[in-house]
Amino acid sequence: MKIGLGYDVHAFTQNRPLILGGVEIPYDRGLSGHSDADVLVHAVCDALLGAAGMGDIGEHFPETDPQYKNADSLNLLKAVWQIIYSHHQAIINMDATLFAQAPRLSPYKAAMREQLAAALNIPVDRINIKATTTEGLGFIGRGEGIAAMCVALID
Ligand SMILES: [Zn+2]
(Lines give C-alpha, C1' and ligand atoms only; values in the text may rest on other atoms or scores of the structure.)
Protein backbone atom coordinates (compact mmCIF):
# COMPACT_ATOMS: atom_id res chain seq x y z
CA MET A 1 0.00 0.00 0.00
CA LYS A 2 1.12 3.52 -0.73
CA ILE A 3 -0.05 6.89 0.58
CA GLY A 4 -0.20 10.23 -1.22
CA LEU A 5 -0.92 13.83 -0.26
CA GLY A 6 -2.60 16.52 -2.33
CA TYR A 7 -2.92 20.23 -1.57
CA ASP A 8 -4.41 23.00 -3.68
CA VAL A 9 -5.53 26.61 -3.37
CA HIS A 10 -7.66 28.78 -5.65
CA ALA A 11 -8.57 32.45 -5.27
CA PHE A 12 -12.12 33.73 -5.33
CA THR A 13 -13.22 35.72 -8.36
CA GLN A 14 -16.43 37.29 -9.63
CA ASN A 15 -18.74 35.90 -12.30
CA ARG A 16 -17.82 32.23 -12.00
CA PRO A 17 -19.78 29.35 -10.48
CA LEU A 18 -18.38 27.87 -7.26
CA ILE A 19 -17.73 24.19 -7.97
CA LEU A 20 -16.33 21.97 -5.21
CA GLY A 21 -16.11 18.21 -5.47
CA GLY A 22 -18.13 18.38 -8.68
CA VAL A 23 -21.00 20.13 -6.89
CA GLU A 24 -22.12 23.64 -7.83
CA ILE A 25 -22.61 25.59 -4.62
CA PRO A 26 -24.79 28.71 -4.50
CA TYR A 27 -22.52 31.68 -3.69
CA ASP A 28 -21.84 35.16 -5.03
CA ARG A 29 -18.31 34.24 -6.19
CA GLY A 30 -16.50 31.31 -7.74
CA LEU A 31 -12.85 30.29 -7.90
CA SER A 32 -10.41 31.48 -10.54
CA GLY A 33 -8.39 29.02 -12.55
CA HIS A 34 -7.74 27.65 -16.02
CA SER A 35 -10.14 24.73 -15.52
CA ASP A 36 -13.35 24.93 -13.49
CA ALA A 37 -11.01 25.54 -10.50
CA ASP A 38 -12.46 22.67 -8.45
CA VAL A 39 -9.89 22.90 -5.67
CA LEU A 40 -11.12 19.72 -3.93
CA VAL A 41 -10.92 17.56 -7.04
CA HIS A 42 -7.45 18.92 -7.80
CA ALA A 43 -6.25 17.95 -4.31
CA VAL A 44 -7.77 14.48 -4.78
CA CYS A 45 -6.00 14.11 -8.14
CA ASP A 46 -2.65 15.06 -6.60
CA ALA A 47 -3.17 12.69 -3.66
CA LEU A 48 -3.81 9.78 -6.05
CA LEU A 49 -0.93 10.67 -8.34
CA GLY A 50 1.30 11.11 -5.32
CA ALA A 51 0.38 7.70 -3.94
CA ALA A 52 1.08 6.15 -7.34
CA GLY A 53 4.41 7.98 -7.57
CA MET A 54 3.28 9.49 -10.85
CA GLY A 55 3.96 13.20 -10.46
CA ASP A 56 1.24 15.81 -10.16
CA ILE A 57 -1.80 17.12 -11.98
CA GLY A 58 0.15 19.94 -13.62
CA GLU A 59 2.46 17.47 -15.36
CA HIS A 60 -0.39 15.44 -16.80
CA PHE A 61 -2.79 18.31 -17.57
CA PRO A 62 -0.76 21.52 -18.21
CA GLU A 63 -2.50 24.83 -17.44
CA THR A 64 -1.20 26.14 -20.76
CA ASP A 65 -3.14 23.51 -22.73
CA PRO A 66 -6.25 25.16 -24.23
CA GLN A 67 -8.22 21.89 -24.08
CA TYR A 68 -8.35 22.19 -20.28
CA LYS A 69 -9.80 25.72 -20.30
CA ASN A 70 -12.94 25.63 -18.11
CA ALA A 71 -12.50 21.84 -18.02
CA ASP A 72 -14.77 19.80 -15.75
CA SER A 73 -12.27 18.66 -13.13
CA LEU A 74 -14.22 15.43 -12.58
CA ASN A 75 -13.10 14.49 -16.09
CA LEU A 76 -9.51 15.21 -15.06
CA LEU A 77 -10.04 12.96 -12.05
CA LYS A 78 -11.38 10.18 -14.28
CA ALA A 79 -8.31 10.57 -16.50
CA VAL A 80 -6.02 10.44 -13.46
CA TRP A 81 -7.76 7.26 -12.31
CA GLN A 82 -7.24 5.73 -15.77
CA ILE A 83 -3.51 6.49 -15.56
CA ILE A 84 -3.30 4.84 -12.14
CA TYR A 85 -5.66 1.97 -12.91
CA SER A 86 -3.44 0.92 -15.81
CA HIS A 87 -0.89 0.01 -13.13
CA HIS A 88 -3.41 -2.24 -11.33
CA GLN A 89 -3.81 -0.13 -8.26
CA ALA A 90 -6.97 0.16 -6.17
CA ILE A 91 -8.09 2.96 -3.89
CA ILE A 92 -8.31 1.83 -0.26
CA ASN A 93 -9.59 5.17 1.04
CA MET A 94 -9.26 8.92 0.72
CA ASP A 95 -9.74 11.63 3.33
CA ALA A 96 -10.05 15.27 2.32
CA THR A 97 -10.51 18.60 4.09
CA LEU A 98 -11.84 21.82 2.57
CA PHE A 99 -10.73 25.08 4.18
CA ALA A 100 -13.18 27.95 3.59
CA GLN A 101 -14.43 30.78 5.77
CA ALA A 102 -17.58 30.99 3.63
CA PRO A 103 -19.88 29.67 2.33
CA ARG A 104 -20.87 26.91 4.73
CA LEU A 105 -19.88 23.68 3.00
CA SER A 106 -21.19 21.03 5.39
CA PRO A 107 -24.58 20.71 3.62
CA TYR A 108 -22.78 19.69 0.42
CA LYS A 109 -20.30 17.14 1.74
CA ALA A 110 -22.51 14.13 1.02
CA ALA A 111 -23.12 15.24 -2.57
CA MET A 112 -19.37 15.78 -3.06
CA ARG A 113 -18.62 12.26 -1.81
CA GLU A 114 -21.13 10.85 -4.25
CA GLN A 115 -19.64 12.79 -7.17
CA LEU A 116 -16.09 11.67 -6.34
CA ALA A 117 -17.12 8.05 -5.76
CA ALA A 118 -18.98 7.97 -9.07
CA ALA A 119 -16.03 9.48 -10.96
CA LEU A 120 -13.66 6.91 -9.44
CA ASN A 121 -16.17 4.05 -9.55
CA ILE A 122 -15.61 3.19 -5.89
CA PRO A 123 -18.01 2.92 -2.93
CA VAL A 124 -18.89 6.19 -1.20
CA ASP A 125 -17.60 4.89 2.15
CA ARG A 126 -14.02 4.92 0.82
CA ILE A 127 -14.15 8.72 0.62
CA ASN A 128 -14.41 11.11 3.53
CA ILE A 129 -14.81 14.86 3.17
CA LYS A 130 -14.47 17.38 5.95
CA ALA A 131 -14.97 21.14 5.92
CA THR A 132 -13.53 23.71 8.29
CA THR A 133 -12.88 27.44 8.57
CA THR A 134 -9.60 28.99 9.67
CA GLU A 135 -11.25 31.00 12.47
CA GLY A 136 -10.93 34.14 10.36
CA LEU A 137 -7.15 33.82 10.06
CA GLY A 138 -5.04 34.20 6.94
CA PHE A 139 -6.09 34.43 3.30
CA ILE A 140 -8.82 31.85 3.81
CA GLY A 141 -10.19 33.66 6.83
CA ARG A 142 -10.26 36.92 4.87
CA GLY A 143 -12.36 35.19 2.23
CA GLU A 144 -9.71 35.48 -0.48
CA GLY A 145 -9.83 31.84 -1.52
CA ILE A 146 -10.40 28.20 -0.66
CA ALA A 147 -7.83 25.48 0.05
CA ALA A 148 -8.18 21.71 0.01
CA MET A 149 -6.05 18.85 1.28
CA CYS A 150 -6.42 15.16 0.61
CA VAL A 151 -4.64 11.96 1.53
CA ALA A 152 -5.18 8.79 -0.45
CA LEU A 153 -4.17 5.21 0.26
CA ILE A 154 -3.86 2.92 -2.75
CA ASP A 155 -2.92 -0.72 -3.22
ZN1 LIG B 1 -6.21 23.62 -8.79
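Guide: Helices α3 and α4 are oblique to each other. This is a predicted model, in which local features need pLDDT of at least 70 and side-chain atom pairs count only at pLDDT 80 or more, while totals for chains, interfaces and linings use all residues. Residues are numbered from 1 along each chain as its sequence is written, and side-chain values use heavy atoms, with hydrogens and water left out.

Visitor: Why are α3 and α4 called oblique to each other?

Guide: The axes of α3 (residues 73–85) and α4 (residues 109–120) cross at roughly 40 degrees and come within 9 Å. Angles under 35 degrees count as roughly parallel, over 145 as roughly antiparallel, 65 to 115 as roughly perpendicular, and the rest as oblique. The pair is therefore oblique. The crossing is also right-handed, a term used if the near helix is turned clockwise from the far one by less than a right angle.

Visitor: Which residues make the contact between α3 and α4?

Guide: Leu-74, Leu-77, Lys-78 and Trp-81 of α3 and Gln-115, Leu-116, Ala-119 and Leu-120 of α4 make the contact, where contact means heavy atoms within 4.5 Å.

Visitor: What makes α1 and α4 oblique?

Guide: Helices α1 and α4 pack at an angle of about 45 degrees, with their axes 12 Å apart; they are therefore oblique to each other. In α1, Leu-40, Val-41, Val-44 and Leu-48 meet Met-112, Leu-116 and Leu-120 in α4.

Visitor: Why does Leu-48 count as buried?

Guide: Buried means under 20% relative accessible area, exposed over 50%, and partly exposed in between, with a 1.4 Å probe and protein chains only. Leu-48 has a relative accessible area of 0%, so it is buried. Leaving aside neighbours within four places in sequence, Leu-48 is in contact with several residues, including Leu-77, Ile-91 and Ile-154.

Visitor: What are the protein donors of the zinc ion?

Guide: They are Asp-8 (OD), His-10 (NE2) and His-42 (ND1), lying 2.0 to 2.1 Å from the zinc ion. Donors are N, O and S atoms within 2.8 Å of the metal (3.2 Å for Na, K and Ca); water is not among the atoms, so sites may look incomplete.

Visitor: Why is it said that Asp-8 and His-42 tie together separate parts?

Guide: Asp-8 lies in strand β1 (residues 2–13) and His-42 in helix α1 (residues 39–52), so the pair ties together parts that are 34 residues apart in sequence. Asp-8 counts as buried at 17% relative accessibility, and His-42 counts as buried at 7%.

How values were computed:
Axes fitted to C-alpha atoms, helices over the stretch in contact; angles between N-to-C directions. Helix = DSSP H or I, 4+ residues; strand = E, 2+ residues; numbered from the N terminus.
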